[in-house]
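Thank you all for coming.

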Amino acid sequence: MKLAFSSNAYMQFSIEETIRRIAAIGYRGIELLADVPHAWPAGLLPERREAIRQALSDQGLTISNINAFMMNAVADPRQPYWHPGWTDPDPHYRAIRREHTKRALQLAADLGAPHITTEPGGLLTDDQTRQGAADIFYEELMPCVEEASKLDVGLLIEPEPELFIERFDEYLEFVERVDAPIVGLNFDVGHAYCVSEEPQDWVPKMAEHTRHYHFEDIAPTRVHQHLIPGHGAIDFPETLKAIAQSGYSGWLTVELYPYIDSPDEAASAAHAFLSETMQSLGLAEPVL
């Protein structure tokens, strides 16, 4: 298992400076934000893609994942991360999400990233039924599934509190309908904890579907507010042991976007806590 850090905590810095800072802290990977100000695919010229490649090479970082969930570039006044949503009642508006996802898949292919993560359906409106939302999500997602298969880039759905898919059984029901091996799960341990699905218990149950992990802590109240690992109530030693026992050897990406005013301090504290915990369990990252 290898530690990565999401660039979405560094939205006050250029992507080149973000890459330099994350590498200096000791991470081996970076989750690239497919959004402003880092890598919004619709506005990313070939020269900028090459600049990102060069910065990653210079600092010895690997892309753990491309985060196509957030869409700050759209500047939606309702909520900056969830909208436009896959299940938005306005077909023109949700098409923005669909086309963004296609562009993010191409960006991943261009940069050699293994997969992208996306929203698990949107925030349902008062007059939407779950079946109606499921039908819309399926119809909008399938063109992206086709594109992901063509590019051989994983398309990972990330369950999130309050959105269409919050829980793992809801995820399983939806992906059974999609029935495409290119679609997988981004297991966010904090999101699972928020909906009372203890991560250490669900890791083995979802191992067959999990392609990537997001790590953050959550307070005992289970309110969805990302905290530095070790600052909340999640049992990280038991979660890490469960992940290791599942045979997973990929990236654990720390996602701390609320720490936009102190990203270096948050990234350093998370790296120290997780490295020490992994070392105590005999799961330390191999030295290259």
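Predicted model: local features only at pLDDT ≥ 70, side-chain atom pairs only at ≥ 80, totals over all residues.

Residues are numbered from 1 along each chain as its sequence is written, and side-chain values use heavy atoms, with hydrogens and water left out.

Let me start with helix α3, residues 91–111, and helix α4, residues 130–151, which pack at an angle of about 15 degrees with their axes 10 Å apart. The two are therefore roughly parallel to each other, a term for angles under 35 degrees. In their contact, meaning heavy atoms within 4.5 Å, R94, R98 and K102 are among the α3 residues, and E140 and E147 are among those of α4.

Turning to charges, the whole structure holds 17 salt bridges, each being a side-chain nitrogen of Lys or Arg within 4 Å of a carboxyl oxygen of Asp or Glu. R94, R98, E99, K102 and E140 are linked in a network of such bridges.

Another salt bridge joins R49 and D110, whose closest N and O atoms are 2.8 Å apart. R49 lies in helix α2, residues 46–59, and D110 in helix α3, so this pair ties together parts that are 61 residues apart in sequence. R49 counts as buried at 12% relative accessibility, whereas D110, at 30%, counts as partly exposed; buried means under 20% relative accessible area, exposed over 50%, and partly exposed in between, with a 1.4 Å probe and protein chains only.

Note on methods. Axes fitted to C-alpha atoms, helices over the stretch in contact; angles between N-to-C directions. Helix = DSSP H or I, 4+ residues; strand = E, 2+ residues; numbered from the N terminus. Parallel < 35°, antiparallel > 145°, perpendicular 65-115°, else oblique.
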